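Reader: Could you take me through one part of this model up close, and then show me how the rest of the packing is organised? I'd be glad of the cut-offs along the way.

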Amino acid sequence: MTIQANAFAVYAIRFASRDASLRKEHFYRGDPCGDESLPIDYFVWVIVGRGTTVLVDAGFTREVAERRGNRTFLQPPAETMRQLGIATDSVKNIILTHLHYDHTGHLPDFPSAQVHLQRTELDYWTGPYARRGENPHLIEPGDLAYVKEQLKNGKVTLVDGDAEIVPGVEVHRVGGHTQGLQVVAVATEGGTLVLASDATHFYANIDEDRPYSIVDHLPSMYDAFDWIKMTASVPEFIIPGHDPLVLERFPAVPGLEGVAVRLA
Ligand SMILES: [Zn+2]
């Protein structure tokens, strides 16, 4: 991707966390130190610049956090955006990396935004396999119904593979964790930053070449690692989907410590 002037600023917004998670839950075929704790954070990401705002993923709501239990909900992402000085009605585009429940919950806060989702992802979750095994637990039916409704309203664009959402913000389907998982490449002043979302939940997944435990297609998870490493301008510009270390590796926004960091 060519980097242009007026590159984007990118923020990670942490809206919830879960302390009681264990290492063995987060690696394909477990982990030798399985019973050690490995807390997990939940994020959305905001890309701001050139007169527009792109939101990447939509988190889950406080109600979902309470119903599912064990999760500490901080505040809705739209509230944090207001504190960052970003008007929520400046969000013209939302990229949904995939349809798991922790990425879809706050879409109704941005009713005028165009949503970009891989066609294979929607097909999977509206098809026969969505009912099998643990799959029903991984999505929120109400969120999926909202996506289908917005599709009818012309507010969802179904992507096949690669697409430019706005100049300097591109999506790429990697699959692996889910059928249509997509990652986001952003042109920033320091180079191309990759919002990897759940292509790598933690730094350890990609750094140690050990995929996450929830697998749709294992070879695609390895291919995703390769694509992300090839695309990010520097290793620091690979942003995992759920790693609490993101808050340590990037500067907090003053006044929003523990809630928002600036990635670029
Ligand atoms: Zn997730």
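Author: Happy to! Let's begin at Ala163, which is partly exposed because its relative accessible area is 23% (buried is under 20%, exposed over 50%, partly exposed in between; 1.4 Å probe, protein chains only). This is a predicted model, where local features need pLDDT of at least 70, side-chain atom pairs count only at pLDDT 80 or more, and totals for chains, interfaces and linings use all residues. Residues are numbered from 1 along each chain as its sequence is written, and side-chain values use heavy atoms, without hydrogens or water.

Ala163 sits in strand E8, residues 162–166 (strands, E, are DSSP runs of at least two residues and helices, H or I, of at least four, numbered from the N terminus). Beyond four places in sequence, Ala163 contacts Val169, Glu170 and Val171 (heavy atoms within 4.5 Å). From Ala163 to Gly175 there are 12 residues in sequence and 15 Å between C-alpha atoms.

Ser17 counts as buried because its relative accessibility is 6%. Setting aside residues up to four places away, Ser17 touches Ile40, Asp41, Tyr42, Asn70, Arg71 and Thr72.

Now the packing: the largest nonpolar core has 47 residues, and Phe60, Ile94 and Leu96 have the most contacts inside it (buried Ala, Val, Leu, Ile, Met, Phe, Trp, Tyr and Cys joined through side-chain atoms within 4.5 Å). E1 gives this core its largest share, five residues.
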